[in-house]
Amino acid sequence: MKHGKSWLPAHILAWAYAALLLVPLYYLLASAFKTNEEIFASPFSLPTSLSFGNFGTAFESADLGLAVVNSALVTAFSLALTLALAIPAAFAVARSTGRLGAFVEKVFSLGFLIPTFAALFPTFLLAAATGLFHTRMFMVLFLPATAMPLSVVILVQFMRTIPKEMEEAARIDGASTFGVLRHVYTPMCMPGIATVLLLNFLTFWNEYLYSLVIIGPDPSQRTVQVALPTLKSLTGTDYGVLTAGTVLTLVPVWAVYTVLQKRMQQALVSGAVKM
Amino acid sequence: MTTTMSTPGGTEVRPAPAKSPVRGRRQEGGTILAVPALVWYLVFMVGPMIAIFVIAALHWPGMLQPVTFAGWDNVRTVFDDPVFWDAVRNTAVQLAVALPIMIVCAYMLGYYVAQKPPGHRVLRYLLFIPGLISTPAKAMVFYAALSPDGLVNGALKSVGLGSVTDAWLASPSTALACLIVLDVWGGIGFTAVLFAARLGSVPEEIGEAAQLDGAGHWRTMWRVHFPVIRDYVGVVTMLQFLWTFFGSAQHVLLLTQGGPGSSSTTLSFLVYQKAFIAADLGYSQTVGVILFLVGLVGLLTIRRTFRQNY
């Protein structure tokens, strides 16, 4: 009843758009198993053999293996640092009733208005000035700062739902402020922490422009997002290798998304709302 | 910006106006814990932001060149540069075309998904995919698809339209259009999921009441649901505005390098190009300041346009 005949155009349009999303992805996946000649002759056909030759070539020519390791390192350490900074800050803001707490919260909420991209060059200067230019280290220090507003604001929302009786009970048992943070607040806002982790995992793993400018082209330091586009020039126009490399960089995100689909959508949606 | 959000449990959480005297006394011990995050934020985000304005007033023709004070000279140079005006035009076209298409289509698609038609779960999964793919990966897909021997030309040839094939990214008349298509392609799906999530929390009775009054889905969608989530549409529009406005630099860099000529140079790419390719740092950061100000004005305008007015 609810979705009667009048819905037919809507069904068609919605699924047509879904197909439009899928076709390039199908093309991407199919091409990864083909040679240039096959791609040009029949872009839509299924690959004739499932050979992983293109993946091997992509892996070697752009040092993608090392790049994946670098990306994983940068992402993991940045995430850890983000939590180490954001959890105490959110704790302070959520519990405070004074003017200072409100001010700190304001600073972080205004952070959504700062377009990080515009500051690319000054950040580059900062990297040079701290002597961390062309290192992964600077990105590990820098990325958490970009994630701070969103992470703090999300965690504050979660921490405000924790009843203050929980803290009072812990206090009676002799817990210090730090103890309250560690044993009451952190365990109780695990869903919030998960949201922050997922959201930032995506941003950090996919970060491109800053990594390109600050880490630079050194294969021993660069992340996978920086390494990937180099395939374009390295291999001339071997689309098979290029698409194989692209598929490789998508695998981690795809795996996480498929397993944690629901949670990830909620994380991204709440992230966008907080903007 | 908004004061509510949905938690993974799906419930609305509102910042509680906690005002108990017990809490007030306790705060001194805790507030200091916000200091590291604050310092981090000031050093890595606010500092560079301020530096943009300083560098914009400098004459700095390259990293290792002597720096002199330029005052308003950079602004004059920028305004006299035809490339800058090309970039302004391209950015204006990009925003004027991409944003309305994206928001209107995404709203309708989001409404469709929120009605839970058959297959809506699969659809939701698919719509989200562009939100996961990194910019370089997206660009590489389009680079391969739009290349002279790629997917698009292959498709055109197979349906007998071989004469309209083009080197899409290398032709001045289509390069900018390709970038807009790339924005819209992924933007609709991702934004639709955001709208669907928000529409899902609108009480069903509202829609049912409208239908009882004889309103069709089209009317319900625009006259009933739209006003309810108007504020949220504004937030999402702001978000897409920022992404399109600032994020275009990456697509341009990866796909067209601003060319051919300056036919696909956008303002944000100009900032990048002048800083890291042309090494004209004062110029670059002057455009950066303009970018920042235009971005701010754009945000405020969108906010005003979509303000809840009932």
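How many helices and how many strands does chain B have? Chain B has 13 helices and four strands, where helices (H or I, at least four residues) and strands (E, at least two) are DSSP runs numbered from the N terminus. This is a predicted model, in which local features need pLDDT of at least 70 and side-chain atom pairs count only at pLDDT 80 or more, while totals for chains, interfaces and linings use all residues. Residues are numbered from 1 along each chain as its sequence is written, and chains are lettered from A and ligands numbered from 1 in the order in which they are written.

The confidence scores come next. The model scores ipTM 0.80 and pTM 0.82. Chain B averages a pLDDT of 81, and 90% of its residues score at least 70; pLDDT is the predictor's confidence in each residue, from 0 to 100. Among the elements of chain B, the lowest mean pLDDT, 40, belongs to strand E1 (residues 5-6), and the highest, 92, to H4(B). Over residues 1-28 of chain B, pLDDT stays under 50, and the model has 48 contacts beyond four places in sequence for this stretch. Two residues are in contact if their C-beta atoms, placed from the backbone, lie within 7 Å.

Chain A has 14 helices and zero strands. Its C-alpha trace spans about 75 × 65 × 35 Å along the principal axes. Of the 275 residues of chain A, 48% count as buried, and of the 310 residues of chain B, 46% do. A residue is buried if 20 or more other C-beta atoms lie within 10 Å of its own, exposed if 12 or fewer, and partly exposed in between, with C-beta atoms placed from the backbone. Among contacts with a separation of 6 or more, residues 24 or more positions apart account for 78% in chain A and 67% in chain B.

The largest nonpolar core holds 171 residues. Such a core is a set of buried Ala, Val, Leu, Ile, Met, Phe, Trp, Tyr and Cys residues joined through C-beta atoms within 7 Å. A:Ala86, A:Ala89, A:Ala90, A:Met148, A:Val152 and A:Leu155 touch the most other members. Helix H7 (residues 136-159) of chain A supplies the largest share of this core, 17 residues. Leaving aside residues up to four places away in sequence, A:Ala90 touches A:Val152, A:Leu155, A:Val156 and A:Met159.

The two chains meet in a contact that takes 91 residues from chain A and 87 residues from chain B. On the side of chain A that touches chain B, helix H1 (residues 8-31) of chain A gives the most, with twelve residues. That side divides into 58 nonpolar, 27 polar and six charged residues; Ala, Val, Leu, Ile, Met, Phe, Trp, Tyr, Cys and Pro count as nonpolar, Asp, Glu, Lys and Arg as charged, and the others, Gly among them, as polar. The buried residues of H1(A) include A:Tyr17, A:Pro24 and A:Leu28.

Two loop residues deserve a note on backbone geometry. Most residues other than glycine have a negative phi. A:His134, in the loop between helix H6 (120-129) and H7 of chain A, has a positive phi near 65 degrees. B:Lys116, in the loop between helix H4 (82-114) and helix H5 (120-132) of chain B, has a positive phi of about 55 degrees. A:His134 counts as partly exposed because it has 16 C-beta neighbours inside 10 Å, and B:Lys116 counts as partly exposed because it has 14.
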